[in-house]
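Visitor: Please take me through this model step by step.

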Amino acid sequence: MKVPIGGTQYDVQVVERARVPDALAIVVPCYQAFDLTRVCLDAIERFTDVPHEVWVVDNGSAPAVVERLRAETRANLILNRTTPWNRGGGLLGWRRPWYRRPGGGSIANAVALELAARFATPRWMWVMHNDSLPCRRGWASYMLGKLGGKVKGAGVREDEIRVHAMHQSGFVFEFALFRELGMSFLPGLPAYDVGDLVTVKLREAGYDVFVCANLHNRPELRERLPADHWLRDINCDIAFDDAGTPMYLHLGRGTFRYSKPGSAQAQALSLEDWLRLVRAHVLDRSAA
């Protein structure tokens, strides 16, 4: 089917497998990197303690990756076969979905989330990156528990670059407000990036958002981890619950391609190292 987003018609196929009425929809955009998506989905399955459905949105991966998604996951799938383009006509997010440039933003992630908003009809929507994952049981009930009264959104990290919005590495909001308040996941750089308009529109309507204590925003929190904790010297985002327990991880800029010589005590990671550590310390242990 054809789905219009931002002036482009996207050719998509939807594979529905598990719909859960009036629940939490967890949306995971992906491109290639099946093993990264796989550990993300495994962590969601192991640690999510509320009724939920998962939507994986693939942005043009190779046929072999798509077949693995079909065969090895139980998530609902949205398969986008149309190249995401920026508003100026330039190609973005096809070979490298994280790539950014002024006026475009990470358009592939934005298109993935817009597609999910067309087909999922949950009570709450959680959006994330596929290099993010929960690492403790109770994360979802904790985040949903922050919603209520004037608080209509809750995120694991605050983006401090533009509008101090909930960062797209992980946040939840009441989905009924998406259309009602005119929200969009599409970026409008330099004013706002992917997903920022969710926070902007909530605040314009008089609502508020909650953001976890996160190592990205507060580097000093690293010192609260025990000296022998596996995350102590790992360069990734860590979101903490109210008790100071690590709850949610985002690799993000912790990889070698973002590292600066002599700039940090933390260890830069290869993707293979990240997968090894997550499997050893998160997925191969009983739920905390």
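Guide: One term comes first: a contact means heavy atoms within 4.5 Å. The model is predicted, so local features need pLDDT of at least 70 and side-chain atom pairs count only at pLDDT 80 or more, while totals for chains, interfaces and linings use all residues. Residues are numbered from 1 along each chain as its sequence is written, and side-chain values use heavy atoms, with hydrogens and water left out.

Visitor: Then what does Met 143 touch?
Guide: Leaving aside residues up to four places away in sequence, Met 143 touches Trp 126, Ala 154, Gly 155, Val 156, Val 172, Cys 212 and Met 247.

Visitor: Which residues have the most contacts inside the largest nonpolar core?
Guide: They are Trp 126, Met 143 and Trp 274, in a core of 60 residues. A nonpolar core is a set of buried Ala, Val, Leu, Ile, Met, Phe, Trp, Tyr and Cys residues joined through side-chain atoms within 4.5 Å. Buried means under 20% relative accessible area, exposed over 50%, and partly exposed in between (1.4 Å probe, protein chains only).

Visitor: Which helix gives the most to this core?
Guide: Helix H1 (residues 34–47), with eight residues. Helices (H or I, at least four residues) and strands (E, at least two) are DSSP runs, numbered from the N terminus. Apart from this core lies another, of 35 residues, including Ile 5 and Leu 186.

Visitor: How many helices and strands does the chain have?
Guide: The chain has seven helices and 15 strands. Of its 288 residues, 58% count as buried.

Visitor: What is the strand order in the open sheet?
Guide: Its nine strands run E1-E2-E5-E4-E3-E6-E11-E8-E12, with mixed pairing. Two strands pair if DSSP finds at least two bridges between them. Strands E1 (2–5) and E12 (208–211) are the edges, each pairing on one side only.

Visitor: And where does Trp 126 stand?
Guide: Trp 126 stands opposite Val 172 in E11. Strand E6 (residues 124–128) and strand E11 (residues 170–174) pair in the antiparallel sense over five bridges.

Visitor: Let us turn to E5. Is E5 mostly covered or mostly open?
Guide: Mostly covered, as five of its five residues are buried. Asn 76, Ile 78 and Asn 80 lie on one side, Leu 77 and Leu 79 on the other, and all are buried.

Visitor: How many bridges join E4 to E5?
Guide: Five, and these two strands run parallel. Asn 59 has Asn 80 as its bridge partner in E5. E2 and E5 are antiparallel and joined by four bridges, and Leu 77 in E5 is the bridge partner of Val 15.

Visitor: Back to the helices: at what angle do the axes of H1 and H7 cross?
Guide: They cross at roughly 20°, and the axes of H1 and helix H7 (residues 271–283) come within 10 Å. Axes are lines fitted to C-alpha atoms, for helices over the stretch in contact, and angles run from 0 to 180 degrees between N-to-C directions. H1 and H7 are therefore roughly parallel to each other; angles under 35 degrees count as roughly parallel, over 145 as roughly antiparallel, 65 to 115 as roughly perpendicular and the rest as oblique.
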